[in-house]
Protein chains: 2
Amino acid sequence: MQEILDYIKKNEEAYIEELKELLRIPSISTLPENKDDVNRCANLVANKLRNAGMSRVEIFQTEGHPLVYGEWLGAPGKPTVLIYGHYDVQPVDPIELWDNPPFEPVVKDGNIFARGATDDKGQMFMHIKSVEAFFKIDGSLPLNVKFIIEGEEEIGSENLESFINMNTELLKCDAVLISDTALFGPGIPTITYGLRGISYMEVELTGPRRDLHSGTFGGAVGNPINLLADIIAGLHDKNGRITIPHFYDDVLKTTLKEKDNFKRLKFSERRFASEAGVKILQGEKGYSTLERLWTRPTLDCNGIIGGFTSKGAKTVIASKATVKISMRLVPNQDPKKISRLFTKHIKDMAPRSVIVEVRDLHRAYPVLTPLDSPATIAASKAMEEAFGKRIVYVRDGGSVPIVTSFSSKLKVPVVLMGLGLDSENLHSPNEHFSLKHFQLGILSSALFFKKYSK
Amino acid sequence: MQEILDYIKKNEEAYIEELKELLRIPSISTLPENKDDVNRCANLVANKLRNAGMSRVEIFQTEGHPLVYGEWLGAPGKPTVLIYGHYDVQPVDPIELWDNPPFEPVVKDGNIFARGATDDKGQMFMHIKSVEAFFKIDGSLPLNVKFIIEGEEEIGSENLESFINMNTELLKCDAVLISDTALFGPGIPTITYGLRGISYMEVELTGPRRDLHSGTFGGAVGNPINLLADIIAGLHDKNGRITIPHFYDDVLKTTLKEKDNFKRLKFSERRFASEAGVKILQGEKGYSTLERLWTRPTLDCNGIIGGFTSKGAKTVIASKATVKISMRLVPNQDPKKISRLFTKHIKDMAPRSVIVEVRDLHRAYPVLTPLDSPATIAASKAMEEAFGKRIVYVRDGGSVPIVTSFSSKLKVPVVLMGLGLDSENLHSPNEHFSLKHFQLGILSSALFFKKYSK
């Protein structure tokens, strides 16, 4: 094993050059004009898998962007791990805020800067390189490996969802390994065992048929913007609790053991506030910041618009006002049920002077993975050995919709071994990935294969 | 006098053709590309005044668009009336909703359709034609007349304001006559004696320094959109009363006589709701719709924006949220004081987790003109005779900022003898003006000159 780890360390420079090839392709999944780039990136990933030693590599076309599949099943009797990742990236705007062109990767102060560096090309590539190291040194892997690398993570993974449903035999495995989350802090080995779900809604109020003169009609007709504000304000009580009836019915209580664990994490509220760019933190009464982020559901407006919004003044009563509202959900809340409760509550609250329309835009289930599965234990030990530090177990406030599909359709544990950092500007200008974590990730991956095979 | 009235009736067709000349000029004051058209329109108005018989006509250049001044002071010992109007018009978008091009006037079903038809070219022109009729028949006017016709009413009358301040001697008169308001209904002679004022504000909340991921940060930071909704919702109580401390301190109580008058007006709530395009009306508890519109102050959001407002879903906590809020004010509220109270209250209400900025965009004083001035009495009798019906006295929910300047600087009563209708689409597509009211307006103007001269 030491020989493999040494080989990985020795090849750091070569790995970075190879990663740059991937990062140079603008595989922005949401933009039609980048469709060829996305295809080109899928082909490059397939080549990387072939060169790494996978015995079967296939590109599956979908209604959207292609899925890249790879497998090596030469270890009968040994467990099979399915590695998931994505090769598509977010758009780059606002482009003027980038210090370097987003698709011309540069290394600076121990980080590689490019769109997709941490989310998720850099992280996905770690596993391809650890597999390759085994083949170079041992000529084989200690267990069976499958890869499924998609090109639609940033646009909802819809085609992967149906692919999983129709290919449970192909994807059959004993555990799923995903590196698309964050370390708790630089150099801290971390397993993420909880993700929040989401229910994303849109509410539109229509009052007058057309915009009205606020002098001629003001005071005598319901104003959709004011009434929408009333509705939004009514969704929280003065303690920051959500007022939708039955909203909290299914929320799993945090165990004392988990609370103890949170306390031991030495979370810095001050650093978090500074990362968020706020003077003071604010949230539901009676909970710490970590509890608010990881164990409590939220309700946030994501966007609002109505009436005259240009510079200056126009004396108008708007015909319509619209708000996007998303609720982050925690185990065991069901996003379908929450969407229903939300819709009913909004309709109950809206006054008769407006027509209310509630639209369900998208949703994801919350996730809580078992910490005692052999795969999770192997991943924890692998990271501890690679980092030389005690593992920490964290949850994440965000959502990874596909995780639920893996665990519910394949009925296996999902291990979230992320090597990113929340501060690495994913989805923002100047995205980057720590090269130290890149190497630690490859080492962790190799150690995981070895430990999990036993 | 009968000869003059007959002359006016006989010349209806010619007057309409002349009005079309004015309506063909796209004198949109807010658009820089129409500056030449605005100048052209000022010149045409000046020519019309000259042809009508004014002995002195002058175009005053301002920092913005020109003012057209005209006078005939050949009746020493008789009262002097100052007629105000404006030759500028609103923009025409959405242009696709017009049935005919906005600057190609057409007559249809007894109305003339064009931008500016009712607001205010058609109404202002009535007085020029009535003056002309006197000169054609009698060779003189029974009193002294001054005209001040501006080109910036639709953009705030700023230069007229300072012109009045600097030219009180030139504009000296016994009464101001304005036709830029509406009849209470078709064929009903109407004097408007009250206007609401306005205080137009903008509130901007800033939370995080940049937009944040709602998964990573949601639940632990103040969300500017949610907090802005809280503030807006808090500005009214459950009875629809405004909660700003001292907001109602200066509100003049409606007299019993006025309330009686309102009842006699036979206001149709159903027709009003249908004009507004709403199913049901809504407003402050304890007041009728007319009272709400004419005698009670309001607080309406005119526009709101924040976060992600395009199609689809983006899981973001916005850095900023902004709302435009205007308050319609009634006598004797002072817009400066109200802006101060509003600003203080918003700052008091905003939580510490956001930075709040309040901007004062513009304001106008409310107006209440005396009903017992000789000019108002003359105007009432003139309209009654022209229409053959009892005059009604109404207020208007809108604001005409310049009215206060006339009454406070020139210290004379202002008579609002409007011939428009609220349903004539001023500021909207398919603006029009009733030709029957156009003729009744010219007759009323002529009768007013005669009656007021006695």
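Author: Two strands are said to pair if DSSP finds at least two bridges between them. Strands themselves are DSSP runs of E with at least two residues, helices are runs of H or I with at least four residues, and both are numbered from the N terminus. The model is predicted, so local features need pLDDT of at least 70 and side-chain atom pairs count only at pLDDT 80 or more, while totals for chains, interfaces and linings use all residues. Residues are numbered from 1 along each chain as its sequence is written, and chains are lettered from A and ligands numbered from 1 in the order in which they are written.

Strand β1 of chain B (residues 56–60) pairs with β2(B) in the antiparallel sense over 5 bridges. Within this pairing, B:Val57 has B:Gly70 of β2(B) as its bridge partner. The link from β1(B) to β2(B) is a hairpin of 6 residues. β2(B) also pairs with strand β6 of chain B (residues 144–150), again in the antiparallel sense and over 5 bridges. Here B:Val68 is placed opposite B:Ile149 of β6(B).

Burial is judged by counting neighbours: a residue is buried if 20 or more other C-beta atoms lie within 10 Å of its own, exposed if 12 or fewer, and partly exposed in between, with C-beta atoms placed from the backbone.

Elsewhere in chain B, B:Val415 belongs to the largest nonpolar core, which has 255 residues; together with A:Val176 and B:Val176 it touches the most other members. Such a core is a set of buried Ala, Val, Leu, Ile, Met, Phe, Trp, Tyr and Cys residues joined through C-beta atoms within 7 Å. Two residues are in contact when their C-beta atoms, placed from the backbone, lie within 7 Å. Apart from neighbours within four places in sequence, the contacts of B:Val415 include B:Ala175, B:Val176, B:Ile191 and B:Thr376.

A:Lys389 lies in the loop between α12 (374–387) and β16 (392–396) of chain A. Its C-alpha atom is separated by 7.0 Å from that of A:Ile188, although the two are 201 residues apart along the chain.

The two chains also meet, with 68 residues from chain A and 68 residues from chain B taking part in the contact. On the side of chain A that touches chain B, β11(A) provides the largest share, 8 residues. That side divides into 26 nonpolar, 29 polar and 13 charged residues, where Ala, Val, Leu, Ile, Met, Phe, Trp, Tyr, Cys and Pro count as nonpolar, Asp, Glu, Lys and Arg as charged, and the others, Gly among them, as polar. β11(A) and strand β11 of chain B (residues 300–307) pair in the antiparallel sense over 5 bridges. In this pairing A:Ile305 stands opposite B:Ile305.
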